[in-house]
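Here is a set of questions and answers on one protein model. Look it over, then work through them.

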Amino acid sequence: MPGPPCTGRAGRRRGLFSARHAYPDEMTEISNNSQQIAANSDILQNPGKTGSLYLPSPVVVGQSRQFFEIRSQHDMLIEIHRKLHQELGIPANYGGERKLPCYEEASDLIDVGPNLVGRMQRLAPEAAAKWQQMVETAAGSGVRLLIVSGFRSYEHQAELIRKKIAAGRAIDEVLKVNAAPCYSQHHTGTAIDIATPGSRPLTEEFETSDAFKWLTEYAAEYGFSMTYPRDNRFGFVYEPWHWAF
Ligand SMILES: [Zn+2]
């Protein structure tokens, strides 16, 4: 069954999914033929490279396994995202029902400094440049903008959800707060969760901060907007800390 089309902003811009993330475990699982694995890895680890990717067919004829070609990296990664969704118990109609765009995973990323817990954060180059400008300009007005989270891979997004499920949360509840893999704006490297001293990170308290007031007034000048306002059409909770370029 094909996955949803990749319709995110970054997806439209670049056309295909990034191949920078090779998912070695997935690759081993879906193709146990060493030559095919080598061919797949070569394509996936060299973003400029073109070629066909291989998956084993579920049909077994005699002792030989039939292979079919997946013609593009896009199809390949749609398959990986479908398997991730299956594993996490995400409803099949998740993206369609909410009319959510499925985002490409960014491959061109640069470090923009560590977050509050010392983990290096990365953003797409243009978003990174504008973010740095905002941080500096806001600082000039005595307002501190701190990054909590920038780029997140599909796998990172899946891991956030796995942890909550392991802690006993129901998937429906988790999905109000965390987008399913492929549907988070953080995959594009252009979304930032922002915090500021004096308000607890990733809580609605942020909307009463000077940082929020500053962003509301000036972020648009840098191309950023708050994409999950109250009662947003995507069905996500209100996220005054989430701003996207
Ligand atoms: Zn966010």
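Q: Which residues of α7 are buried?
A: This is a predicted model, in which local features need pLDDT of at least 70, side-chain atom pairs count only at pLDDT 80 or more, and totals for chains, interfaces and linings use all residues. Residues are numbered from 1 along each chain as its sequence is written. A residue is buried if 20 or more other C-beta atoms lie within 10 Å of its own, exposed if 12 or fewer, and partly exposed in between, with C-beta atoms placed from the backbone. In α7 the buried ones are Y154, Q157, A158 and I161.

Q: Why do the buried residues of α7 line one face of the helix?
A: An α-helix has 3.6 residues a turn, so residues three or four places apart point the same way. The arc is taken from the directions from the helix axis to the C-beta atoms. Seen down the axis of α7, the buried residues line one face because they fall within an arc of 100°.

Q: Which exposed residues sit on the face of α7 turned away from its buried side?
A: Helices are DSSP runs of H or I with at least four residues, strands are runs of E with at least two, and both are numbered from the N terminus. α7 covers residues 154-166. Its face away from the buried side carries E159, K163 and A166.

Q: How far does α7 reach from its first C-alpha to its last?
A: The expected span of a helix is 1.5 Å times one less than its number of residues. α7 has 13 residues, and 18 Å is expected. The helix comes close to that, reaching 18 Å.

Q: Which residue of β4 stands opposite I110?
A: Two strands pair if DSSP finds at least two bridges between them. Opposite I110 stands L123.

Q: Which are the edge strands of the open four-strand sheet?
A: The order is β5-β6-β8-β7, with antiparallel pairing. β7 is joined to β8 (residues 242-244) by two bridges, and S225 stands opposite A244. An edge strand pairs on one side only; here these are β5 (146-149) and β7 (225-226).

Q: Is T196 buried or exposed?
A: T196 lies in the loop between β6 and α9. Contact means C-beta atoms, placed from the backbone, within 7 Å; not counting residues up to four places away in sequence, T196 touches R144, L145, L146, S209 and A211. Because 20 other C-beta atoms lie within 10 Å, T196 is buried.

How values were computed
Contact = placed C-beta atoms within 7 Å.
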